[in-house]
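Please study the sequence and the three-dimensional structure shown below.

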Amino acid sequence: MTPPIADRAIQIIYLISTALFILSLKWMSAPSSARRGVRAGEAGMLLAICATLLHRGIVDYSWIAIALVLGSMIGVPLGRVQMTAVPQRTALSHAFGALCVALVGTAEYYLRAPHVPAFMMGVLSMEVILGSLTFTGSLMAAGKLQELLPQRPITYKGQNIVNLSLLAVAVGLAVYLVTDPGHTRLFPLMIAIPLVFGVLMIIPIGGADMPTVISLLNSYAGLSAAAMGFVLDSKLLIIAGALDGSSGFILSVIMSKAMNRSFTNVLFGAFGQVQVAAAGAQDTRTVRSATAEEAATILAASNTVVVVPGYGMAVAQAQHKVRELYDALTKRGVDVRFAIHPVAGRMPGHMNVLLAEADIPYDKLLDMDAINPEFTQTDVALIIGANDVTNPAARTDPGSPIYGMPILDVDKAKTVMVIKRGMSPGFAGIDNPLYYLDKTLMLFGDAKAFVGEIVRQVAREAHG
Amino acid sequence: MTDLIANLYVFMMAAFVGFEVIRRVSPLLHTPLMSLTNALDAIAVVGAIILAGEHKSGLSTALGTIAIVASTSNLVGGFLITDRMLRMFKTSRSKKPERPERQG
């Protein structure tokens, strides 16, 4: 039995869409071709949607049209958020993607039950479980990033046991439904438990772990979409889901490597409370602080400056002031570059986007491996709102909870300047010996205001 | 059953292709990469469209419609913001262009 010509045509168009999706990601590899990648993705998407609308089974277009319009109306504002809000927007879109997958899976189950073949029921369960836990987990992550929820990790005794047993019950239900798909009343339970699990999974996760968690949720969203592809027998979906899943997976591997932690450690070992070790010695050590004027004099007299931005820069919205500083120093012939740690900020690549938004050329943004050998020839390393990623204890102190984490070697620069609100330790509560070095100058104040003051002082030097 | 095996092959190959392609993406572009894959993932909308359009049951039409809304918002928002971000990336070699229009 050969399918009618229209069905063949739809399949061919899906094939073209798939090719465009792969090209889209391939062109994403470099900034020069990346926008072409977006065009390819859009073209593939448009083709696939148009082809789907030709599907013979569709008897009524009214709901489809309403939903497409409504979705676009929600999508446009989501595409126009501030760059500082991109991490929460991304988490929110993982939630939407997962919601779509979980809903379609639920509908498919009730349409087919009780005659669902074992394998089909297996992937359907996976689709619904992954979709549901990604939905609530991503909403929680978005809430934490938007600061609607407390960013500090919340932990309690037996947390991991509670979470893992919940997940085990959900998987158990799935196995039971595979053996006997007729138990339609158990199905809602298989949705509800992962929904609760998603919430509980994110509760113990702190802001500093968000880059890994967002990547992991990205991967889950992709995998659930691929499972949906198996259920609907759609190769287009399987491939798109697999691409998204592997992208999220690679990013999570990069993120957890950059923190020297395993996935399980990120998910099950809340940071922060592990140690309060070096507290005793703290009082005897002294720090050197400096004014904006002194900092400006040193910066203006140097040849090479490396700026190390962190989440604190984003919080203070200081990126535009940083760009003014970049302009002022560059004009005086100072070579200014930026060192970007993989987990700086709240999602992969967060700092790059903020600095690009502030019009800093991307060839001045260097990743950790590229910039680290350069610090020995750097006059000033200027740290703005970053802490743990510059902590030399990660290299030298086996007792530190971040020992072994790859860091930016700022302590090898001739002078280190740290803009910081006060001496309180960073998010993870880990003491940073960098601040007590003789070569370190602490610049106490709000990042935005302080950088602005340095810019004014540099300009004054130029005139005086 | 042969379809299932064929689909597993497709999944495996796509995962390897994804791995090789995405491994090469510069860390500079990791944020736009994530928003782009998010937008591409919204291809799940094709399943939702068929579900909502087939009208097989009240439940499936309702769930399908909500699913279309969710994935379309991802699709539109994802492509929009990816393009906005990429427009911001400029080199120092290129002549300094006008600043991107502020949103909001």
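In this predicted model, A:Phe338 stands opposite A:Leu365 in strand S4 of chain A. The two residues belong to a pairing of S3(A) with S4(A), which is parallel and has three bridges. On another strand, A:Val307 faces A:Phe338 across the pairing, with A:Phe338 located in S3(A). S2(A) and S3(A) also run in the parallel sense, and four bridges connect them. Strands of a sheet pair through backbone hydrogen bonds, in either a parallel or an antiparallel manner.

These pairings form part of an open sheet of seven strands in chain A, whose order is S1-S7-S6-S5-S2-S3-S4 and whose pairing is parallel. Which strands stand at the edges? They are strand S1 (288-289) and strand S4 (365-367) of chain A; each has a single partner strand, so one side of each is left without a neighbour in the sheet. Elsewhere in the sheet, strand S6 (residues 415-420) and strand S7 (residues 440-444) of chain A run parallel and are joined by five bridges. Within this pairing, A:Val418 stands opposite A:Met442 of S7(A).

Helix H14 (residues 350-357) of chain A packs on the sheet, where it touches strand S2 (304-309), strand S3 (335-340) and S4 of chain A. The direction of H14(A) makes an angle of about 145 degrees with that of S3(A). Is H14(A) largely enclosed or left open by the rest of the structure? Eight of its eight residues are buried, so H14(A) is largely enclosed. The buried residues of H14(A) include A:Met351, A:Val353, A:Leu354 and A:Leu355, and also A:His350 and A:Glu357. Just after this helix, A:Asp359 adopts a positive phi of about 75 degrees.

The view may now be widened to chain A as a whole. Chain A contains 17 helices and seven strands, and its C-alpha trace spans about 85 × 50 × 35 Å along the principal axes. Of its 464 residues, 53% count as buried. Among the contacts in chain A with a separation of 6 or more, 79% are between residues 24 or more positions apart.

The domain assignment divides chain A into domain 1 (60-268) and domain 2 (278-463). The C-alpha centres of these two domains of chain A lie 36 Å apart. Where they meet, 19 residues of domain 1 of chain A are in contact with 18 residues of domain 2 of chain A. On the side of domain 1 that touches domain 2, the elements of chain A giving two or more residues are helix H4 (86-112), helix H8 (210-232) and helix H9 (235-258). That side of domain 1 has 13 nonpolar, six polar and no charged residues.

The loop between H8 and H9 of chain A contains A:Asp233. This residue is not glycine, yet its phi is positive, near 55 degrees. A:Asp233 has 13 C-beta neighbours inside 10 Å and therefore counts as partly exposed.

What is found in the interior? The largest nonpolar core has 190 residues, and those with the most contacts inside it are A:Val104, A:Val308, A:Ile383, A:Ile384, B:Ile43 and B:Ala44. H8(A) gives the most to this core, with 15 residues. Both domain 1 (60-268) and domain 2 (278-463) of chain A give residues to the core, so the core lies between them. In soluble globular proteins, nonpolar side chains tend to be buried together.

Finally, the two chains may be considered together. In chain B, 81 residues are in contact with 98 residues of chain A. The elements of chain B that give two or more residues to this side are helix H1 (2-23), helix H2 (30-41), helix H3 (45-54) and helix H4 (58-88). H4(B) gives the most to the side of chain B that touches chain A, with 27 residues. By class, that side of chain B has 45 nonpolar, 27 polar and nine charged residues.

The loop between H3 and H4 of chain B holds B:His55. B:His55 has a positive phi, near 55 degrees, although it is a residue other than glycine. With 15 other C-beta atoms within 10 Å, B:His55 is partly exposed.

Key: Residues numbered from 1 in each chain as written. Chains lettered and ligands numbered in written order. Predicted model: local features only at pLDDT ≥ 70, side-chain atom pairs only at ≥ 80, totals over all residues. Domains from an automatic or database assignment. Contact = placed C-beta atoms within 7 Å. Nonpolar A, V, L, I, M, F, W, Y, C, P; charged D, E, K, R; others polar. Core = buried A, V, L, I, M, F, W, Y, C linked by C-beta atoms within 7 Å. Buried ≥ 20, exposed ≤ 12 C-beta atoms within 10 Å, placed from the backbone. Pairing = 2+ DSSP bridges. Axes fitted to C-alpha atoms, helices over the stretch in contact; angles between N-to-C directions.
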